[in-house]
Amino acid sequence: MIIFSSSRSPQAVLKKQLFYLKRGVIDPSLHYHSLKQSKAWEKVFQRHCPVLSEPSFSQIYRTLFSRFTIPSGQRTHLIGLGCGTGVKEQWLAQCVKRGGFSFQRFTAVDVSERLCQLSLKRLRPFVLQKPKGWVIDLDAAKELRCSLDQGDRTERRIYTLFGLVPNLDPSLVLRILKTLLRSGDQLFMSANLAPVKNKEESEVERAVKRILPQYQNRETREWLSLLFEEQKITKKMISALRFGIESEQGLRSVIVRGEVLQDFEWILGGRRVRMKKRDSLKVFQSRRWTSFAFEHWMKRAGFKVRACEITPNGEEGVWWVER
Ligand SMILES: C[S@@+](CC[C@H](N)C(=O)[O-])C[C@H]1O[C@@H](n2cnc3c(N)ncnc32)[C@H](O)[C@@H]1O
């Protein structure tokens with residue numbers, strides 16, 4: 001069963017796209033919009049995500065999840081925010097099952113219907129009730145919270161937010177989490193990290209340079225370029241994508257940009273956005289936190305950090321936090 005939020009209606013998607021585009025940015029959720037884009041992202045995930053290829057990455061999830069237990073008799077609801085294929089939520093559910101318990105319910109939350117469906121299929125054997133999907137933009141977290149509260153308010157809610165922190169503005173991440181999590185609700189979230197040895201600026205720059213090839217590859221280029229192809233933006237209008245490192249709000253990010261090569265009007269749902277020659281369009285951003293900065297940020301926002309695991313190479317961390 002999948003519920004469709006009005007936040008993913010063609011009008012809402014267009015409104016968001018225009019809002020970002022007028023600021024020279026591509027709405028990050030737009031890269032998962034069409035079926036073709038979702039499939040292309042799955043390819044990037046399978047080829048380049050170290051979580052699937054390097055045992056030390058999946059191990060941090062399994063180690064953290066093994067510490068989580070469900071008190072007997074408690075009704076629990078696992079909610080996967082931006083769940084993608086659901087592979088990490090499956091590891092969590094497997095771990096809980098090994099301990100002799102099961103989640104009562106699972107809700108897959110994603111902008112992509114296809115990815116929601118994949119997660120539902122994956123989690124079905126591990127939950128007691130038939131899982132539900134929500135095709136919704138997390139910008140509309142209030143709508144999701146209202147719907148959850150119309151159900152069982154006494155259930156214990158366990159949220160996951162994996163792989164999304166790098167792509168969303170930190171203030172938006174906090175707004176989503178504060179809207180959804182009630183006191184006592186649990187959250188597992190991951191962050192891509194700059195593998196630093198110390199906090200010096202030059203060290204952070206060096207560390208992010210080292211992980212750049214994880215992004216600068218054929219599959220990622222093809223995935224991010226699909227948006228232009230599908231919207232009939234040719235290579236004469238926007239240049240080939242360029243991958244670099246930029247600093248913003250004290251965080252280093254891998255940024256992918258395209259340069260506008262000629263003046264043109266991008267026509268979207270009957271609306272025109274004027275693109276000017278030499279303007280730079282931010283197509284994709286992946287923020288690389290340091291573990292100290294990430295933890296400090298969560299604590300300052302009022303979350304209690306219960307546990308954390310970081311890969312031996314320092315490139316990824318996963319946190320268990322509580323509101
Ligand atoms: C980088 S992928 C991570 C997927 C998965 N959680 C994982 O770690 O493998 C980001 C996921 O978030 C979804 N997504 C992106 N922006 C979103 C938004 N604004 N609201 C809801 N889902 C979003 C995408 O469709 C995609 O499945």
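Which residues in H2 are buried? In this predicted model, they are Gln-37, Ser-38, Ala-40, Trp-41 and Val-44.

**Helix H2**

- At 1.5 Å a residue, the 14 residues of H2 should span 20 Å, and the distance between its end C-alpha atoms agrees, at 20 Å.
- An α-helix has 3.6 residues a turn, so residues three or four places apart point the same way.
- Looking down the axis of H2, you would find its buried residues within an arc of 165 degrees, so they line one face of the helix.
- Leu-35 and Gln-46, on the other side of H2, are exposed.
- The packing partners of the buried residues of H2 are H6 and helix H10 (218-230).

- The protein chain has two parts: domain 1 covers 2-195 + 289-322, and domain 2 covers 201-288.
- Between the C-alpha centres of domain 1 and domain 2 there are 24 Å.
- Contacts link 29 residues of domain 1 with 33 residues of domain 2.
- On the side of domain 1 that touches domain 2, helix H1 (10-21) and helix H2 (35-48) each supply at least two residues.
- H2 gives the most to that side of domain 1, with eight residues.
- By type, the residues on the side of domain 1 that touches domain 2 are 15 nonpolar, nine polar and five charged.

**The nonpolar core**

- The largest nonpolar core contains 71 residues.
- Leu-81, Val-109, Tyr-159, Leu-161, Leu-187 and Met-189 are the residues with the most contacts inside this core.
- Helix H6 (residues 113-123) gives the most to the core, with five residues.
- Why does this core lie between domain 1 and domain 2? Both domains give residues to it, so it lies between them.
- Take Tyr-159 as an example: leaving out residues up to four places away in sequence, Tyr-159 touches Ile-79, Leu-81, Leu-180, Leu-181, Asp-185 and Leu-187.

**Helix H4**

- Helix H4 (residues 55-66) is made of twelve residues, and from its first C-alpha to its last it reaches 16 Å, close to the 16 Å expected at 1.5 Å a residue.
- The buried residues here include Tyr-61, Leu-64 and Phe-65.
- Around the axis, these residues cover an arc of only 105 degrees, which puts them on the same side of H4.
- What do the buried residues of H4 pack against? They pack against helix H5 (87-98), strand S6 (186-192), strand S12 (304-310) and strand S13 (316-322).

**Two loop residues with positive phi**

- Gln-249 sits in the loop between strand S7 (242-248) and strand S8 (251-259).
- The phi of Gln-249 is near 50 degrees, a positive value in a residue other than glycine.
- Gln-249 counts as exposed because it has 9 C-beta neighbours inside 10 Å, and the cut-off for exposed is 12 or fewer.
- Arg-278 belongs to the loop between strand S10 (271-275) and strand S11 (280-288).
- For Arg-278, phi is near 80 degrees, again a positive value in a residue other than glycine.
- Arg-278 is exposed, with 9 other C-beta atoms within 10 Å.

- Lys-142 is in helix H7 (residues 141-150) and is partly exposed, with 13 other C-beta atoms within 10 Å.
- Lys-142 and Thr-179 are 37 residues apart along the chain, and 6.2 Å separates their C-alpha atoms.
- Pro-213 is in the loop between helix H9 (201-211) and H10, and counts as exposed with 10 C-beta neighbours inside 10 Å.
- From C-alpha to C-alpha, Pro-213 and His-48 are 9.4 Å apart in space, while they are 165 residues apart in sequence.
- Phe-243 is part of strand S7 and counts as partly exposed, with 18 C-beta neighbours inside 10 Å.
- Not counting residues up to four places away in sequence, Phe-243 touches Leu-212, Tyr-215, Gln-216, Val-254 and Val-256.
- The C-alpha atoms of Phe-243 and Gly-314 are separated by 22 Å, and these two residues are 71 residues apart along the chain.

Definitions and conventions: Residues are numbered from 1 along each chain as its sequence is written. This is a predicted model: local features need pLDDT of at least 70, side-chain atom pairs count only at pLDDT 80 or more; totals for chains, interfaces and linings use all residues. Domain bounds come from an automatic or database domain assignment. Two residues are in contact if their C-beta atoms, placed from the backbone, lie within 7 Å. Helices (H or I, at least four residues) and strands (E, at least two) are DSSP runs, numbered from the N terminus. Ala, Val, Leu, Ile, Met, Phe, Trp, Tyr, Cys and Pro count as nonpolar, Asp, Glu, Lys and Arg as charged, and the others, Gly among them, as polar. A nonpolar core is a set of buried Ala, Val, Leu, Ile, Met, Phe, Trp, Tyr and Cys residues joined through C-beta atoms within 7 Å. A residue is buried if 20 or more other C-beta atoms lie within 10 Å of its own, exposed if 12 or fewer, and partly exposed in between; C-beta atoms are placed from the backbone. The expected span of a helix is 1.5 Å times one less than its number of residues. The arc is that of the directions from the helix axis to the C-beta atoms.
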